[in-house]
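Here are some exercises to work through with the model open beside you. Try each task before reading its solution.

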Amino acid sequence: MAELKEADASQQHQEDGGIKRDEDAGEEAPAGAVQGGAAADSDARPSTTTSAGRKSCPLCPEEKFKACYSHKLRRHLQNLHWKVYVEFKGSRMCICHLPCRNPKPSLSGDQVSGRHMAHFHCVVCSVTIARKTDMIGHLKRHFNKGETEASYPGSSDVPFEEPTPSGQAYEIMKELGTNVQLLPNHSTPQKSDTYFNRKMKTNRQLVFCSLAVLAEERNPLECLDAFGATGIMGLQWAKHLRNTVRVTITDISDTCVKMIKENCELNNIRVDGGSRGPREKAGCESESAPVATVEVAKMDANVIMHLRPFDYIHLDPFGTAVNYLDAAFRNVRNLGIISVTSTDTGSLYAKSPNVTLRHYGCHIVRTEYYKELAARMVVATVARAAARCNKGIEVLLAVALEHFVLVVVRVLRGPTQADESAKKLRKLVHCQWCEERVFLKLGNMVDDTLPCNCHGSLPGKTAVQLGPLWSGPLFNTGFLRRMLSAAVQHSMDDIQPLVKTLICESECTTLKSLVHGSSALSNQVECGVVIKTLQSGEDGGLADQSGKRKSGEESGNVVKKLKPDASLEHPPFYYSIHRHSIRGMNMPKLNKFLQYLTEAGFRVSRTHFDPTGVRTDATLQQFKSVLTKYSVPTCTNAGTGTQTSVSAEKTV
């Protein structure tokens with residue numbers, strides 16, 4: 001909050017003195033209200049006149065600090081707001097006592113009035129944080145990410161729309177060349193407001209790349225964003241892929257549908273069946289012509305998926321998506337793609353086992369590989385929903401990060417494909433002592449299944465059955481390579497390292513010789529199905545270009561070619577090098593350890609699920625033996641302990 005100049009302060013003090021003498025003869029002016037925020041510009045006034053010469057504090061409600069004269073207001077600002085502040089890049093974020101945050105409900109469920117918590121407003125993302133130390137840590141994370149530009153309306157030049165009828169102002173946010181307007185409470189909305197999560201940017205870009213790969217195979221595509229909210233995902237599809245996709249955005253909320261239409265006008269996109277975008281100005285017809293067309297519908301996701309067929313369906317509800325899988329597989333076209341985003345990390349990451357059993361029908365416990373366990377559990381649920389519609393799936397991508405689990409599958413019609421997918425749903429035997437794990441084969445008993453000897457050396461039972469889970473591969477290398485090409489083409493620099501890690505993980509190799517050329521990405525073989533892009537093989541027929549399954553002798557040849565490559569699938573799960581470290585020993589560096597495992601004859605790669613994880617086909621006993629072989633003791637004797645530790649650090 002900016003300070004008043006001394007000259008202005010003295011002049012206002014003199015005016016207040018004269019106003020005090022003539023207070024009885026003067027008439028009261030109409031009262032005005034002002035709402036304050038975080039840091040303001042240096043020329044901003046700290047208060048607003050509410051009565052005859054009296055000014056109210058812009059950072060306190062009227063019931064907390066009544067309007068007073070300027071000398072008292074200045075003393076209040078100096079002793080409270082200007083004293084408790086956080087400084088960042090020349091901006092001061094003073095403490096705010098306005099009801100910007102929702103009050104905490106009481107034990108009876110009623111909101112207690114007058115219990116608003118003091119807080120700070122971040123100048124970068126406009127989030128409200130109560131504690132000063134938490135705000136300092138929040139700003140450090142912004143600085144580490146390179147986000148130093150202020151976006152708060154009081155301290156930046158970010159354009160804002162006119163206030164809405166409810167008194168709220170829209171904030172314009174730009175992502176991947178698409179502008180969307182957001183409410184100030186978009187991160188913590190009420191039940192009737194729209195929701196937008198900035199942390200899901202990686203998810204939106206991965207979904208976009210998967211759609212761009214499908215658009216290379218056949219077009220135009222019928223695409224559905226079943227939970228639009230602000231509509232940013234569907235607008236990005238329409239704005240960048242143009243005529244190759246026909247986008248439909250749905251939401252059940254009237255507020256969301258209205259905001260999606262307004263965002264379409266903001267991006268010069270015509271709403272099908274509605275207004276034709278912004279008004280055309282004289283002499284500017286070419287500039288105001290809509291760049292794409294989007295259909296916006298107020299409809300339940302299950303209803304529209306039952307009524308119409310689609311080539312690409314994206315499900316991103318708030319929480320689990322199991323309630324929408326049956327409707328999604330009912331009308332999806334053959335060789336179409338369904339992407340499912342699950343944000344119920346509490347049940348997926350084994351924090352609420354009863355909810356996991358209720359939603360996914362799986363029994364799980366907390367393990368070192370809990371993120372991959374969550375991904376395989378979601379794929380198993382998707383496979384069961386597809387099998388109920390006599391359809392199989394081919395997993396193209398499975399990503400589990402901190403805030404979400406994303407699964408992208410290709411749909412294969414036919415009971416044969418459904419049976420093949422159902423055979424990959426198996427139980428997992430997990431040792432709770434050493435965390436060794438292995439999938440049960442069809443018809444096998446639990447006894448003598450785990451390669452570890454914990455059940456013989458320890459009393460009681462150490463193994464538990466988890467699942468059923470998906471036991472097949474989680475990645476398709478050809479699809480990921482084409483996704484990388486799409487990410488490079490559309491300048492998505494944020495997800496390129498992640499996609500490269502996924503490619504190495506799918507091949508279970510540490511080599512990163514990635515090809516961006518179209519010759520290596522032209523054909524893709526998935527589960528006996530040859531997928532050809534529209535640019536590959538001019539002599540191919542229309543059936544091949546549209547992605548149809550080959551029949552007869554040619555299809556049998558494809559399956560025969562896949563048999564020797566089945567052993568090249570990436571091994572399931574991974575081991576954490578920190579979890580299995582030896583006490584009193586210095587471990588080798590992770591990249592060195594990968595090299596040692598490769599020299600021992602094992603397939604190894606890093607994994608995106610865990611930065612310290614190693615995906616390998618070695619058993620846990622073999623993994624530990626290599627780790628023990630190349631670990632160095634921290635100290636041997638008391639006299640030579642320091643020299644040994646120094647030499648160990650040099651060796652590592």
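Helices (H or I, at least four residues) and strands (E, at least two) are DSSP runs, numbered from the N terminus. This is a predicted model, in which local features need pLDDT of at least 70 and side-chain atom pairs count only at pLDDT 80 or more, while totals for chains, interfaces and linings use all residues. Residues are numbered from 1 along each chain as its sequence is written, and side-chain values use heavy atoms, with hydrogens and water left out.

**Exercise 1. Positive phi**

Task: Look up phi for Asn390 and Glu435, then decide whether each side is buried, partly exposed or exposed.

Solution: 
- Step 1. Start with the background: most residues other than glycine have a negative phi, and most peptide bonds are trans.
- Step 2. Asn390 has a positive phi, near 60°, and sits in the loop between H12 and strand E15 (391-400).
- Step 3. Glu435 has a positive phi too, near 65°; its loop runs between strand E17 (425-431) and strand E18 (437-439).
- Step 4. Now apply the cut-offs: buried means under 20% relative accessible area, exposed over 50%, and partly exposed in between (1.4 Å probe, protein chains only).
- Step 5. Asn390 has a relative accessible area of 47%, so Asn390 is partly exposed.
- Step 6. Glu435 has 11%, so Glu435 is buried.

**Exercise 2. The nonpolar cores**

Task: Which residues touch the most other members of the largest nonpolar core, and which helix gives the most to this core?

Solution: 
- Step 1. A nonpolar core is a set of buried Ala, Val, Leu, Ile, Met, Phe, Trp, Tyr and Cys residues joined through side-chain atoms within 4.5 Å.
- Step 2. The largest such core has 109 residues, and Met305, Phe329 and Ile393 touch the most other members.
- Step 3. Helix H12 (residues 370-388) is the top contributor to this core, with eleven residues.
- Step 4. A separate second core holds 22 residues, among them Val429, Leu440, Cys452 and Phe623.
- Step 5. For contacts (heavy atoms within 4.5 Å), look at Met305: leaving out residues up to four places away in sequence, Met305 touches Leu224, Ile313, Leu315, Tyr324, Ala327, Ala328 and Asn331.

**Exercise 3. Rings**

Task: How many aromatic pairs does the structure hold, and how are the rings of Trp237 and Tyr312 arranged?

Solution: 
- Step 1. Rings of Phe, Tyr and Trp (its six-membered ring) pair if their centres lie within 6.5 Å; planes under 30 degrees apart count as stacked, over 60 as edge-to-face and the rest as tilted.
- Step 2. There are nine aromatic pairs in the structure.
- Step 3. The Trp237 and Tyr312 ring centres are 5.8 Å apart and the planes meet at 85°, so this pair is edge-to-face.
- Step 4. Trp237 is in helix H5 (residues 232-241) and Tyr312 in strand E13 (residues 310-315), so the pair ties together parts 75 residues apart in sequence.
- Step 5. Trp237 is buried, at 0% relative accessible area, and Tyr312 is buried at 0% as well.
- Step 6. Elsewhere, Tyr369, Phe439 and Phe573 form a cluster linked by ring pairs.

**Exercise 4. Arg384**

Task: Where is Arg384 placed, and which residues does Arg384 touch?

Solution: 
- Step 1. Arg384 lies in helix H12.
- Step 2. Its relative accessible area is 23%, so Arg384 is partly exposed.
- Step 3. Not counting residues up to four places away in sequence, Arg384 touches Tyr360, Cys362, Leu425 and Pro468.
- Step 4. Arg384 and Leu325 are 59 residues apart in sequence, and their C-alpha atoms are 9.4 Å apart in space.
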